[in-house]
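I opened this entry to record what I looked up, step by step.

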Amino acid sequence: MRFVRTDNFKRDFKKLPEEIKRSADKALFFFSENMRHPSLRTKKMEGQRDTHGRDIWEARVSRAYRFTFAIDHDLCILYRIGPHDIERNPQ
């Protein structure tokens, strides 16, 4: 699977504390190997779709941090990463 990081994702990632960046790198590695890895607790966000109609999903970085994404065939679009409240604006 190929990954694309949106500008929002890149901007969000830069703002993360160093410890969370390390946790995020680990979570993204697990995600690249198996998007259903138990530690990620991956789930579809109810009622959330991107502008192209793709379902938006979330996965866990830590207890308080998440990342959001959509899948389009063999492409994973990473939208946001940050505290749990990014779910209010997942793109």
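Predicted model: local features only at pLDDT ≥ 70, side-chain atom pairs only at ≥ 80, totals over all residues.

**Strand pairing, then the sheet**

E2 and E3 (residues 55-60) run antiparallel and share three bridges.

Next I asked in what order the five strands of the sheet lie. I read E1-E5-E4-E3-E2, in an open sheet with mixed pairing. I then checked the edges. E1 (2-5) and E2 (43-49) are the edge strands, and each has a single partner strand, so one side of each has no neighbour in the sheet. On average, neighbouring strands here are turned by 35° against each other, direction ignored.

**Helices on the sheet**

I turned to the helices. H1 (residues 7-15) lies across E1, E4 (65-72) and E5 (75-83). I noted that H1 runs at about 35° to E5. H2 (residues 18-33) packs on the sheet and touches E1, E3, E4 and E5. The direction of H2 makes about 30° with that of E4.

**Cores**

In soluble globular proteins, nonpolar side chains tend to be buried together. The largest nonpolar core here has 17 residues. Val 61, Phe 67, Phe 69, Leu 78 and Ile 81 have the most contacts inside it. I checked where its residues come from: H2, E3, E4 and E5 each supply at least two. H2 gives the most, with five residues.

I then listed what Ile 81 touches, leaving out residues up to four places away in sequence. Among its contacts are Phe 9, Phe 13, Leu 16, Ala 24, Val 61, Phe 67 and Ile 86. Asp 12 and Arg 66 are on that list too. I also found a second, separate core of six residues, which includes Met 45, Ile 56, Ala 70 and Leu 75.

**Tyr 79**

My last stop was Tyr 79, in strand E5. Is Tyr 79 buried or exposed? I count Tyr 79 as buried, because its relative accessible area is 7% and the cut-off is under 20%.

I looked up its contacts, again leaving out residues up to four places away in sequence. Tyr 79 touches Thr 6, Asn 8, Phe 9, Asp 50, Arg 54, Ile 56, Thr 68, Phe 69, Ala 70, Pro 90 and Gln 91. I checked one of these pairs by distance. Tyr 79 and Ile 56 are 23 residues apart in sequence, and their C-alpha atoms are 8.9 Å apart in space.

Methods
Residues numbered from 1 in each chain as written. Heavy atoms only, no water. Pairing = 2+ DSSP bridges. Helix = DSSP H or I, 4+ residues; strand = E, 2+ residues; numbered from the N terminus. Axes fitted to C-alpha atoms, helices over the stretch in contact; angles between N-to-C directions. Contact = heavy atoms within 4.5 Å. Core = buried A, V, L, I, M, F, W, Y, C linked by side-chain atoms within 4.5 Å. Buried < 20%, exposed > 50% of the residue type's maximum accessible area, 1.4 Å probe, protein only.
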